[in-house]
Amino acid sequence: MAALFAARGGRSVILLERTSDGGRKILISGGGRCNVLPSRFDPAQYFTDSSPNILRNILRSWPDHAQRRFFEDDLGLQLELEPETGKLFPVTHRARDVRDRLVRALGDLRVEVRFNATARGIERTARYGGTAEADAADSGSTRWSVQLSDGASIEASSVIIATGGLSVPKTGSDGIGLRIARSLGHTVRDTYAALTPLTMDPPLFGSLAGVSFPVTLHVPQPKKPFMTHGGFLFTHVGYSGPSVLDVSHFAVRALERGGEQPIYVQWADRNEAEWDAALREGNATVGTVMRRHLPERLLDRMLADAQVPAARVVPQLRRDERLRLVEMLARFPLPYNGHEGYRKAEVTGGGVALEEIEPSTMQSRLHPGLYFCGEVLDAFGPIGGYNFAWAWATGRLAGLAAGRT
């Protein structure tokens, strides 16, 4: 996106791509369908340790309806809404079509795409007879040298760092963007795996692997408690699914600090009062009442743990049994002691501090002619196309600004 909009400004653009084909994260997203965008994205859904005001200003530069219009009108890629999730997918349901349309657009603009090209660093150079110090006050005379791993270098008036996170290394992520930012004096907020599955060793619920259904997860926080609703999946080593991924960064950061962050599960669309009433009234068995809302295997496990027979009728429940079941059903403390890390993380938390970026251009406040966009920045959103929306918006801003210099 950055290269495309820079080229639209009439600049000569070289895109360095580490892999042999590019867009690997596009290709694996949405189960190979590519969740291009959320139907509507709210800046309040994003997480950052930097300024939330800067984050909001960046996202508002290219709102959801404008992003959709770009994909449909400019790229000719029609999107359709998945009503149950609020996600937008290409009508072809092929992630490859998204990647290929973007690459084709670069070709139409004569962008030089170099595949299998790895940058190992960049440095500012003095050109036109000036010094680096003098150039710092004049972005028009600043020049950059990009060093490649094969020993070659590229001279440029502007450089956009549009990669360099740590998530899903098999897609080519190696953290180079973060390393370059640090080497140039930028503040890089502590990074961590975000949107990653959680684990429990030993796996207390390994026997439930494969059980999947929607739940609500609650994360108590001092300032703003967090809640999310979505799919939950038991795995052989822990838990996954959109709801778990959306809360995982709370767990990851707590574990890295050596502390604990409680996560509570509401297994069905019923709160404590509603479950308490359901387990008081009528003559149905406990198993019948719970079976209406829970998968069979989970139901059996919960009743066994609560030491309550499924055949016991509701009026025969003792108070302590009822309260124990209500707590398990509506506010179950999810046990975890690990996570799958960057190997399975969908995005990198932390990154280049937003305060050191000019939000209207994505240009570094420290180095004229240097721009950042995408995952390398200190911001990420939940599952559902939010991180693509961030990538598209920041890439566009950086490309537009670099294309004007």
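Biologist: What makes the lining of the largest cavity nonpolar, polar or charged, residue by residue?

Modeller: In this predicted model, that lining divides into seven nonpolar residues, no polar ones and two charged ones. The lining residues are F205, F234, W267, L298, R301, M302, D305, M328 and F332, and R301 and D305 are the charged ones because Asp, Glu, Lys and Arg count as charged, while Ala, Val, Leu, Ile, Met, Phe, Trp, Tyr, Cys and Pro count as nonpolar and the others, Gly among them, as polar.

Biologist: Which helix gives the largest share of this lining?

Modeller: Helix α11 (residues 296-306) does, with four residues; a helix here is a DSSP run of H or I with at least four residues, a strand is a run of E with at least two, and both are numbered from the N terminus.

Biologist: Why is one space called a cavity and another a pocket?

Modeller: On a 1 Å grid over the protein atoms alone, a 1.4 Å probe fits in a cavity but cannot get out, whereas a pocket is an open set with protein on both sides within 12 Å along at least five of seven lines, and lining residues have an atom within 4 Å of a point. The structure holds one cavity of 30 Å³ or more, and the largest cavity has about 50 Å³ of space. The second largest pocket has about 770 Å³, and its lining is made of 26 residues, with Y46, F47, K224, H249 and F250 nearest its centre. Helix α8 (242-256) is among the elements that each supply at least two lining residues, and α8 gives the most, four.

Biologist: What makes residues of helix α4 (residues 64-74) buried, and which are they?

Modeller: They are D64, A66, Q67, F70, F71 and E72, and they are called buried because each has under 20% relative accessible area, where over 50% would be exposed and in between partly exposed (1.4 Å probe, protein chains only). What covers them includes α1 (2-8), α5 (95-108) and α14.

Biologist: With which residues is F71 in contact, leaving aside its neighbours within four places in sequence?

Modeller: F71 is in contact, with heavy atoms within 4.5 Å, with M1, V36, L37, G76, L77, L79, V98 and W392.

Biologist: How is this model to be read?

Modeller: Local features need pLDDT of at least 70 and side-chain atom pairs count only at pLDDT 80 or more, while totals for chains, interfaces and linings use all residues. Residues are numbered from 1 along each chain as its sequence is written, and side-chain values use heavy atoms, with hydrogens and water left out.

Key
Grid points are joined across faces, edges and corners, and a volume is the space filled by probe spheres set on the points.
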